[in-house]
Amino acid sequence: MKYSAPPYMNDVLPFPPVKDAWLHTARWRAVEATFREVCRRYGYREIRTPILEHTELFKRSIGEATDIVSKEMFTFETRGGKSLTMKPEGTAPAVRACLEHGLFSDHPVLKLYYVGQNFRYERGQKGRYRQHQQLGVEVFGAVDPAIDAEVIQLAMEFYRTIGITDQALKINSVGTPQSRAAFLEALRDYARPHLADYSQEGQQRFELNALRMLDTKDQGDLRLLENAPRLVDYLDDESKVHFEKLQSYLAEAGVAFEIDHRLVRGFDYYTRTAFEIVGTNLGAQSALGGGGRYDGLVEECGGPSTPGIGFGLGMERCMLVLDTLGIQLPVDDESPLAFIVTLGEEAKVRPAAVRLLAEIRAAGISADMDYRYKKFGQQARTADDLGARYLLVLGDGELDRGVVGLRNQTTKDQRDVPLTDIVSELQGIA
Ligand code: AMP
């Protein structure tokens, strides 16, 4: 039996893969570290929630009629007969956790970030996987459009810091559930006379979730929707002011944006601000990330009326773009500084090597040795493969003299260093 990873789920590997260089853990860590650093600068703290939640939480919050809930969730029954779901997104779990631990009452404005895995049973393709990672933030407790601008700015700052600068920021306002109801009626009235001309998906959405008709890639549907009513014309006064202020704050912060009247998002819980960051190098799956305001979600999840806004940025798509653009990341050096090679009488040199290795590592220096080969040349080759900068040559002769041969792998110079001094010598180099 030959096993492979489940379809459309990726392994991220300890060495740069030949084929998909973006699936390299060192690169992922560099990107995650940047995200954490930007979040720290903006005053966001990390939240971690379980991979599993009660199924009801997602049904309730994301909406039964959405693609995610109706056909994409990894849901199963526990041995105890409870229905659990692997989280398809990070917002509802964050809301649930904050409610459960009373964070809203202690922190009137709560700024959170997370790095988490999501699971959606999607039709997989490049950039669209069944397990994907999101870098996300959520802010609870603020209605000020300045926080909408901050959240968006944080996302853009993250991309700028890692070197992705050719993306477009699209914004829209989806209003309140009340203003949206009037818009939906207008949209249905507009589409109804030509409904038969829409794609099958368009027709289905007309029935189930008409707002989602706007979010189509079908060229025919797009043509039909050309003169469709626009959300912005149906906004209530408060939402209109909110949207205008957001635009002026973004301009103040120097964040370029465009208004996309067809921008709606895949979850039912959004209110007012919706935004998406679109990459130019991603082919069909062009959304790098997106988010929006969800002022009714906390209440929907059983909490007090609490406004909220957040985003999720797709990690895989970010890595793919970095790869396409050939952007080098400041990855940490995982090569050992020193590598011990032994030669001579095994019973004598190997215990000495084990002891020396322990001392060096205890001093905070990365070091290694070869556990497989006995021949000196083979050990040295392993050191080269791992990119060790120094060889520590430990043979019978060296041990008798109480020294170790310190060989610089770049210059090939070698000199004896007393065993008692080697740790401090390496500390001087590191
Ligand atoms: P969403 O949670 O659907 O708003 O998605 C936010 C971001 O996550 C998207 O813009 C994508 O970058 C990424 N994303 C969503 N679904 C997937 C997926 N199935 N595979 C890879 N990335 C995804």
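Modeller: Welcome! Let's start with a term: a residue counts as exposed when its relative accessible area is over 50%, as buried when it is under 20%, and as partly exposed in between. Keep in mind that this is a predicted model.

Colleague: Thanks! Is Glu100 buried or exposed?

Modeller: Glu100 has a relative accessible area of 56%, so it is exposed. Its side chain meets that of Arg96 in a salt bridge, 2.8 Å from N to O. Because the two residues are 4 apart in helix H4 (residues 91–100), about one helical turn separates Arg96 and Glu100.

Colleague: How many salt bridges are there?

Modeller: The count comes to 29 salt bridges. One of them joins Arg41 and Glu37, at 3.4 Å from N to O. These residues are 4 apart in helix H1, again about one helical turn. Arg41, at 43% relative accessible area, is partly exposed, and Glu37, at 31%, is partly exposed too. Both belong to a salt-bridge network that links Glu37, Arg40, Arg41, Glu157 and Arg160.

Colleague: Where do Glu276 and Arg265 lie?

Modeller: Their side chains meet in a salt bridge of 2.8 Å, N to O. Glu276 is in strand E9 and Arg265 in the loop between E8 and E9, so the pair ties together parts 11 residues apart in sequence. Glu276 is buried at 19% relative accessibility, and Arg265 is buried at 15%.

Colleague: Now the rings. What describes a pair of aromatic rings?

Modeller: Two things do: the distance of the centres and the angle of the planes. Here the count is 11 aromatic pairs. Among them is the tilted pair of Trp22 and Tyr129, with 6.1 Å centre to centre and 35 degrees between the planes. Trp22 lies in the segment before helix H1 (25–42) and Tyr129 in the loop between strand E5 (110–119) and strand E6 (131–140), so the pair ties together parts 107 residues apart in sequence. Trp22 is buried at 4% relative accessibility, and Tyr129 is buried at 9%.

Tyr269 and Tyr294 form an edge-to-face pair, 5.7 Å centre to centre with 75 degrees between the planes.

Colleague: Which residues make the nonpolar surface patch of about 220 Å²?

Modeller: Ile51, Leu52 and Phe76 make that patch. Phe76 sits in strand E3 (residues 75–77) and is partly exposed at 36% relative accessible area.

Conventions
Residues are numbered from 1 along each chain as its sequence is written. This is a predicted model: local features need pLDDT of at least 70, side-chain atom pairs count only at pLDDT 80 or more; totals for chains, interfaces and linings use all residues. Side-chain values use heavy atoms; hydrogens and water are left out. Rings of Phe, Tyr and Trp (its six-membered ring) pair if their centres lie within 6.5 Å; planes under 30 degrees apart count as stacked, over 60 as edge-to-face and the rest as tilted. Buried means under 20% relative accessible area, exposed over 50%, partly exposed in between (1.4 Å probe, protein chains only). Patches are made of residues with over 30% relative accessible area and no salt bridge: like charges are joined within 9 Å, nonpolar side chains (Val, Leu, Ile, Met, Phe, Trp, Tyr) within 5 Å. Accessible areas come from the Shrake-Rupley method with a 1.4 Å probe; for residues, only the protein chains shown count as cover. A salt bridge is a side-chain nitrogen of Lys or Arg within 4 Å of a carboxyl oxygen of Asp or Glu.
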